[in-house]
Amino acid sequence: MGYSEDFQKLLRRRNAQTNASHLLPHLKPGLQVLDLGCGPGTISMGLAQAVAPGEVHGVDIEASQIALAQAAASSGGHSNAVFQAGDATALAFPDHTFDIVHCHAVLMHIPDTRAVLAEIIRVLKPGGILSSRDLIADSSFFEPDMGDLGSAWTTFSALLKANGGHPQMGKELKHLFHEAGFSDVTASASFEAYSTPEDIEFLHHFVVNWFFSPDTVKAATQYGLASQEQFDHWLSLLDEWKALPGAFGTFAWGEAIGHRP
Ligand SMILES: C[S@@+](CC[C@H](N)C(=O)[O-])C[C@H]1O[C@@H](n2cnc3c(N)ncnc32)[C@H](O)[C@@H]1O
């Protein structure tokens, strides 16, 4: 998805209450938490508040995200939140370090899911909890569809897949957790809904500046997933959609929680 300012604006809307509500009942003071693929740390802050004086360790492969997360922790007074750059498939922590590993919109982006899950199992304490929340692209929508906006979602999925990602990961989590040996696995699903005029304005602006950015269009056309004309057509439909009083859009998410054997 990259690290553009428009994508960062999307991440800044997130927090633990809205994006990790499935995990919050499992958090209590004193736990050690790993926030894997923490990005700018907007969710990590709420996790840190819930487990203080326990610690949240945020890890992200991108150094610029770690700098943002560190700044958020120091301006928010979260001295129990620490961040370091690292790769989810080769973590710099000893075995059995964490009570909880939290991933939000991360497993869907890492090509080798089994390698990440193996590394998560290694750093979790026996009985520790893995929580993940990922997109279900097939269940996300713009409504009204304007006749063809659904096919933009299909192209988005194909593009994510071509980059090694997993656009339907949200609904695959329960099965993957079981396959990896987790027990007491629970799964749920939720929508991130865009309905108010401000939300519609935000979503339209985000999609225009991310999906229709020169980089995305170039990648999709190079992979042969859509033509420039197809993108132009979707853009005009999206502008019409935004002007409708009934415009509604969602991202669909799947969540799963499992216990390490
Ligand atoms: C969509 S962002 C989600 C950020 C944050 N969890 C959130 O939801 O606000 C995905 C993050 O995963 C990170 N990431 C991707 N591959 C990674 C890897 N192999 N190891 C660690 N982080 C990774 C990216 O750098 C990015 O910050």
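A residue counts as near a molecule or strand if its C-beta atom, placed from the backbone, lies within 6 Å of it. The model is predicted: local features need pLDDT of at least 70, side-chain atom pairs count only at pLDDT 80 or more, and totals for chains, interfaces and linings use all residues. Residue numbers start from 1 along each chain as its sequence is written.

**Exercise 1.** Describe the shell around the ligand.

*Solution.* Start with the count: 21 residues surround the ligand. The closest are Gly 37, Gly 39, Ile 61, Ala 88 and His 104. Next, sort the shell by class (nonpolar: Ala, Val, Leu, Ile, Met, Phe, Trp, Tyr, Cys and Pro; charged: Asp, Glu, Lys and Arg; polar: the others, Gly among them). This gives 10 nonpolar, seven polar and four charged residues. Finally, helix 3 (42–51) and strand 2 (56–60) each supply at least two shell residues; helices (H or I, at least four residues) and strands (E, at least two) are DSSP runs, numbered from the N terminus.

**Exercise 2.** Find which strands pair with strand 1 (residues 33–36), where pairing requires at least two DSSP bridges.

*Solution.* Strand 1 runs parallel to strand 2, joined by four bridges. Within this pair, Asp 35 has Gly 58 as its bridge partner. Strand 4 (residues 98–104) is also parallel to strand 1, again over four bridges, with Leu 34 partnered by Val 101.

Key: Two strands pair if DSSP finds at least two bridges between them.
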